[in-house]
Amino acid sequence: MRLSLLSTSFLYSQLDLLKTMYKKYYKRLFDFVFASILLLITSPILLVVSLLLFKANKGKVFFYQLRPGYLGNPFCIIKFKTMNDFTDNDGQLLSDAERLTKVGSFIRKTSIDELPQLINVLKGDLSLIGPRPLLMEYLEKYSPYQMQRHNVKPGITGWAQINGRNAISWEKKFELDIWYVQNISFKTDMMIFFKTILKIVKSEGISAENNATMEKFMGSN
C-alpha cells in the first residue's frame, strides 16, 4: 500500500515537472515551429486576401493596434483590416456593423483576419494558444482576479474561443481565460488547437448577439 502511494506521488510530481517545463520552455518552441509552418502553408491565402483588401480598403490591408501582452506590457498586434474608415457627417466613425466590408465579413467569418498574428507569434509577442489580447483601456477595469489572465502570453486562440468566443458574456470569458492560465499543458493546447479548427469550419461564436463584434467591457459589477 505504501509503495503504491509512493509510486502515485512520484507520477504526479513528474507530471507537474513536465507541465512546468512545457510552460517555461517547450511552449515557445511549439509556437515558433507551428507558426512558421502555418505561415508557409497559408501564404497563398495571405497574398490573395491582401490583394482583395487593398482594393476594398483603398490600399489599407492591415490593422495595427496596441494590445496588452504578458504582464500587461503593450505590443502592436497585426490583423487584416476588415472594416473601412467611413465616417458620418460629423466626422465620427460609423458603427462596426456599418464599416464591416463584404470581404471583411468573409475573412472574419473564416477567421482569416487572425492569420497575420502568426508574425506576432514568431516575434514572441503572442502564443498560438492563450487568452485573447484585449484593449489597453480594459487594464484599469479588471479586478485582481481578472488580471490573472495576463500571467501568461496572450494567444491567437484560447479556451474561451472554443467555448463561445464572442457569443458569451465577459464574466464567462474571463472565467475560462483564468482556468486556462491555471491549467496550461501540452494536452490542453493540442485540444484547443484542433477544436479551434472545428469552430472555424462551423463558423460558431464569431459575433455577440445583435453586434458585429463583441461589445465593450465596462468593468466588473
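Which residue lies over the face of Trp170, and at what distance from the ring centre?

Modeller: The model is a predicted one. Lys173 is the residue that lies over the face of Trp170, and its distance from the ring centre is 4.8 Å.

The chain has 221 residues, of which 43% are buried. It contains 6 helices and 4 strands, arranged along the sequence in the pattern α-β-β-α-α-α-β-β-α-α. Of the contacts between residues at least 6 apart in sequence, 70% join residues at least 24 apart.

The aromatic pairs in the model number 15. In one of them, the ring centres of Phe30 and Phe186 are 6.1 Å apart and the planes stand at 85°; because an angle over 60 degrees counts as edge-to-face, this pair is assigned to that class. Phe30 belongs to helix H1 and Phe186 to helix H6 (residues 186-202), so the pair ties together parts that lie 156 residues apart in sequence. The two partners may also be described by their accessibility: Phe30 is buried, at 8% relative accessibility, whereas Phe186 is partly exposed, at 46%.

A second pair, Phe62 with Phe80, has ring centres 5.5 Å apart and planes at 15°, so it is stacked. Phe62 lies in strand S1 and Phe80 in strand S2, 18 residues apart, and the pair thus links distant parts of the chain. Here Phe62 is partly exposed, with 34% relative accessibility, while Phe80 is buried, with 3%.

Phe30 and Phe186 also belong to a cluster linked by ring pairs, together with Tyr22, Phe34, Phe193 and Phe194.

One of its members, Val33, is placed in helix H1 (residues 2-56). Val33 counts as partly exposed because its relative accessibility is 36%, which falls between the limits of 20% for buried and 50% for exposed.

Gly69 is buried, at 1% relative accessible area. Beyond its neighbours within four places in sequence, Gly69 is in contact with Pro74, Phe75, His150 and Pro154. The C-alpha atom of Gly69 is 9.1 Å from that of Gly155, although these residues are 86 apart along the chain.

Definitions and conventions
Residues are numbered from 1 along each chain as its sequence is written. This is a predicted model: local features need pLDDT of at least 70, side-chain atom pairs count only at pLDDT 80 or more; totals for chains, interfaces and linings use all residues. Side-chain values use heavy atoms; hydrogens and water are left out. Helices (H or I, at least four residues) and strands (E, at least two) are DSSP runs, numbered from the N terminus. Buried means under 20% relative accessible area, exposed over 50%, partly exposed in between (1.4 Å probe, protein chains only). Contact means heavy atoms within 4.5 Å. Rings of Phe, Tyr and Trp (its six-membered ring) pair if their centres lie within 6.5 Å; planes under 30 degrees apart count as stacked, over 60 as edge-to-face and the rest as tilted. A charge sits over a ring if NZ of Lys or CZ of Arg is within 6 Å of the ring centre and within 35 degrees of the ring normal.
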